[in-house]
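Reader: I would like to go through this model and ask what each description rests on. Please show it to me.

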Amino acid sequence: MNIEEEKGIKDTVRRFILSSVAIPKLDDNDDLFESGIVNSLFAVQLMTYIEKTFAIEVAMDDLDIENFKSLNATTAFVLKKNGQRNG
Amino acid sequence: MGDLQSVWPATDGTAVSRCVPVQPALTDRQEARYRDFKAFVALNVEPFAGQWDREQRIPDSVITLLAKSGFLGGTLPPHFDGLGWDVVTFGLLNEALGRGSPALTGVVTVQAMVSMTLLKWGTKEQKEKWLPSLAKGEKIGAFALTEPGAGSDIQSLATGLTPAGDHFILNGTKKWISCAQIASVFLVFAKLGRSPVACLVPRDTPGLSVEPIDDLMGFRGAGLAQIHFKDVEVPSASLIGKPGFALSLVAPVGLHYGRISTACSALGLLRGCFEESIAHAAMRKLGDKTVGDMGMIRSLIARMGTDLEAGNLLCHDACRAQDEHLPEAFEKTLVAKYFSSKAAVRAAADAVQIKGASGCHATSPVSRYYRDAKIMEIIEGTTQIHEDILGKIFVDRAGSFGR
């Protein structure tokens, strides 16, 4: 796994969330859903942002809270989808 | 208002339509389709919309005509027998239909809500099974979300799905469901334990019954109904998406298209109010003057025309953002729906005022617009819900500065 690529994805998603939600900081393992950082109104925007920014499509099979529960999880999900596309 | 042309005396609808603001930045193909949509509405919708309103029913032949024109599958891709339109074009269809009959637009709205949700979250098998027949209008869908006790507070759904071996059992009631009277399949939102879940239920499933809701103030031809589910068997293969995501990711796709459609339909209604008002103001004599010579009437028309221009831009911007798959499409659509539906209510009230007694009679479309416009402030999220969401978005964004 390319560490720079991983950090780039994580920081990109972090910046988007911090620019949209009124929280002071967001750590890599903060739970996005349980904490209420991502509510039902923001979830679809976050999904669209991830799809658009990383040129992936979130589909039915990807609907697993483990894919989105934190910045680390989201980053791993994007890397996995990119791997599927490139592989 | 760059396209306002001096064509008085206005002698027919064509002359009046030349006096409204042009749609912004359309491609040649979008422009051509918009002309076709308006011609379709002038021929097949406007002359009959009052009758549908009085009879509280849109004839099957009109739905068939919509289907044969491809209007019920415009946004679906060609490989599912849709027309593969961009969302701007979908918005233009809704604008044109909204000028004629917002109730009829409701069929297009709901069909898009169901089919675009399926396109995003359906399995390959579900898409292949349902999307071609939805695109061709052989099946009409309904979006069964609202309940007697769950409208704006959608998290409190009471309709329940319980596991029963290799399938589920659905019990509960949905209310105020547009097109439910004519729908052949329902996209139903329920709770599986504490998890929100969505499923497709065909109308002919045993235990499902439809109870029409008549005598609404507006949208009287939109076929609203209450749907009762009593021990309805739902195969596992009919679940859309996965449990837990129905309200956070599945329903929002449909609601988003519902808001795009409603925003553009409200814009069409607003255009109707404007066209009726300027024609009346120019033609109706008051002694040796016209109604339009009165400053107070000009004031009402100025606001209406300005709202129309602004609404055009907001709706176009929202549709274009969706075409570009931008995350801000969600917010732009909320803004467009909020503005257009409120502006439509203002314009309809002012159009009745401008036309006076004649505007209060059923023979004038503005009396119907007055009733229909109010519905647009309620469906797909009330004005107050929009204010709550948008206010939070704006404040949160301001709160993010300085970090």
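This is a predicted model: local features need pLDDT of at least 70, side-chain atom pairs count only at pLDDT 80 or more; totals for chains, interfaces and linings use all residues.

Reader: What is the mean pLDDT of chain B, and where is the pLDDT below 50?

Author: The mean for chain B is 93, and 94% of the residues in chain B reach 70 or more. Over residues 1-12 of chain B, the pLDDT falls below 50, although this stretch has 19 contacts in the model beyond near neighbours in sequence.

Reader: Why does the radius of gyration of chain B agree with a compact globule?

Author: A compact globule of 403 residues would have a radius of gyration near 22 Å, and chain B has 21 Å, so the two agree. The C-alpha trace of chain B spans about 80 × 60 × 40 Å along its principal axes. Of the 403 residues in chain B, 53% are buried.

Reader: What makes up chain B in terms of helices, strands and domains?

Author: Chain B has twelve helices and ten strands. The domain assignment divides chain B into domain 1 (17-135), domain 2 (141-246) and domain 3 (247-400). Among contacts in chain B between residues at least 6 apart in sequence, 73% join residues at least 24 apart.

Reader: How do you know that domain 1 of chain B touches domain 3 of chain B?

Author: Contact here requires C-beta atoms within 7 Å. By that cut-off, 33 residues of domain 1 of chain B are in contact with 34 residues of domain 3 of chain B. On the domain 1 side, helix H3 (49-55), helix H5 (87-100) and helix H6 (102-121) of chain B each give two or more residues. H6(B) gives the most, with twelve residues. That side has 18 nonpolar, nine polar and six charged residues. The C-alpha centres of these two domains of chain B lie 19 Å apart.

Reader: What is the packing of H5(B) against helix H9 (residues 295-323) of chain B?

Author: Their axes are 7 Å apart, at an angle of about 145°. H5(B) contributes B:Val87, B:Val88 and B:Gly91, while the residues from H9(B) include B:Cys315, B:His316 and B:Cys319. By class, the residues of this contact are four nonpolar, three polar and two charged.

Reader: Why does B:Thr159 count as buried?

Author: A residue is buried if 20 or more other C-beta atoms lie within 10 Å of its own. B:Thr159 has 20 C-beta neighbours inside 10 Å, so B:Thr159 counts as buried.

Reader: Where does B:Thr159 lie, and which residues does B:Thr159 touch?

Author: B:Thr159 is in the loop between strand S1 (141-144) and strand S2 (160-164) of chain B. Not counting residues up to four places away in sequence, B:Thr159 touches B:Glu147, B:Gly172, B:Thr173, B:Lys174, B:Val188, B:Ala190 and B:Phe229.

Reader: What makes up the side of chain B that touches chain A?

Author: In this interface, 21 residues of chain B are in contact with 19 residues of chain A. Helix H8 (246-283) and helix H12 (383-400) of chain B each supply at least two residues of that side of chain B. The largest share, five residues, comes from H12(B). By class, the side of chain B has nine nonpolar, eight polar and four charged residues.

Technical notes: Residues are numbered from 1 along each chain as its sequence is written. Chains are lettered from A and ligands numbered from 1 in the order in which they are written. Two residues are in contact if their C-beta atoms, placed from the backbone, lie within 7 Å. Helices (H or I, at least four residues) and strands (E, at least two) are DSSP runs, numbered from the N terminus. Ala, Val, Leu, Ile, Met, Phe, Trp, Tyr, Cys and Pro count as nonpolar, Asp, Glu, Lys and Arg as charged, and the others, Gly among them, as polar. The radius of gyration is taken over C-alpha atoms; the globule rule is 2.2 Å times the number of residues to the power 0.38. A residue is buried if 20 or more other C-beta atoms lie within 10 Å of its own, exposed if 12 or fewer, and partly exposed in between; C-beta atoms are placed from the backbone. Domain bounds come from an automatic or database domain assignment. Axes are lines fitted to C-alpha atoms, for helices over the stretch in contact, and angles run from 0 to 180 degrees between N-to-C directions. pLDDT is the predictor's confidence in each residue, from 0 to 100.
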